Amino acid sequence: AVVSTQSTGEFTVDYILIRCNQNFTGRGCNFCVSHHYTEECSVYCVPVPGNYTCDQDTGEKICEEGRSGDNCAQCQSNFTGADCSECANNYYPRGKCDVQCISYPKKYTCNQQGERVCQERRDGVDCEGCKTNYYKEDCSVFCKDNEYYNCTTDGDKRCKNNTTTPANNCGRPYEDEEKDREEEKKREEEETGSDNTALIGAAGGGGVLLLVLVLIVIVLVMRKRRKESVTTHLEDGALTQLGDTPGDTPGDTPGEAPGDLYSTITKPPIY
């Protein structure tokens, strides 16, 4: 420590100048110099925008969203792109990329939220099963219990009357079975319609607002074009009037007052 004396004429003040240890600063040497952390100021960390920040207590590097590695220079497995802001393949939703969904041919696809969407005629959490009245591995066989036969777990027909066989549809008219198919198809279409309605509802006010904005833009464009059309029409009329008879004074056409041209040009359009 070094003692420095300064006199003001009325009193004398002694200053004790302290030389801080390495990486410390402040009057009491109780602060870390820039980019040093922990109580011993022994951890060095300089934030790199876009890659990482530094924990204010420990100096540990905190990777930005989507980054990983010692210096946060690599993208996490579920992110990609130059700035690691895009979802890697099979990760959803955009921005978070925290849900993995891999489409399974003939079973399900993935929507933008990473949710499984069962293919036609499939059902269940993992789309492993078939919808009601559909059977076989690919859910391609339709069978519905009725007064003529019951359906086995494989979708085969088991006739109730021993005098008939599946070969002749257990005696049931094929028209009736076709009617069942049509009813089932209608039910599926109604379910699809309900799903679409739900998606539209999920869009919420955002979709409605977008529609309103589009309509406003269309109206403004139509009004602008109409105004331009009226202006062009008026200007064409004025030019025609100017060229009626060589040497005539504009507006002095026989039977017309000299001021008519001015009133024609400046006449406001009627909407």
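Two residues are said to be in contact when they have heavy atoms within 4.5 Å. The structure shown is a predicted model, in which local features need pLDDT of at least 70 and side-chain atom pairs count only at pLDDT 80 or more, while totals for chains, interfaces and linings use all residues. Residues are numbered from 1 along each chain as its sequence is written, and side-chain values use heavy atoms, with hydrogens and water left out.

The protein contains 22 strands and 2 helices, these being DSSP runs (E, at least two residues, for strands; H or I, at least four, for helices) numbered from the N terminus. Of its 271 residues, 19% are buried, that is, under 20% relative accessible area with a 1.4 Å probe and protein chains only. Among contacts between residues at least 6 apart in sequence, 8% join residues at least 24 apart.

Leaving aside neighbours within four places in sequence, Tyr135 is in contact with residues including Cys130, Val141, Cys143 and Cys151. Asn133, which lies in the loop between β18 (129-130) and β19 (134-135), is buried, with a relative accessible area of 15%.

The mean pLDDT (the predictor's confidence in each residue, from 0 to 100) is 78, and 70% of residues reach 70 or more. Where pLDDT is low, the predicted coordinates should not be read in detail.

Note on methods
Buried means under 20% relative accessible area, exposed over 50%, partly exposed in between (1.4 Å probe, protein chains only).
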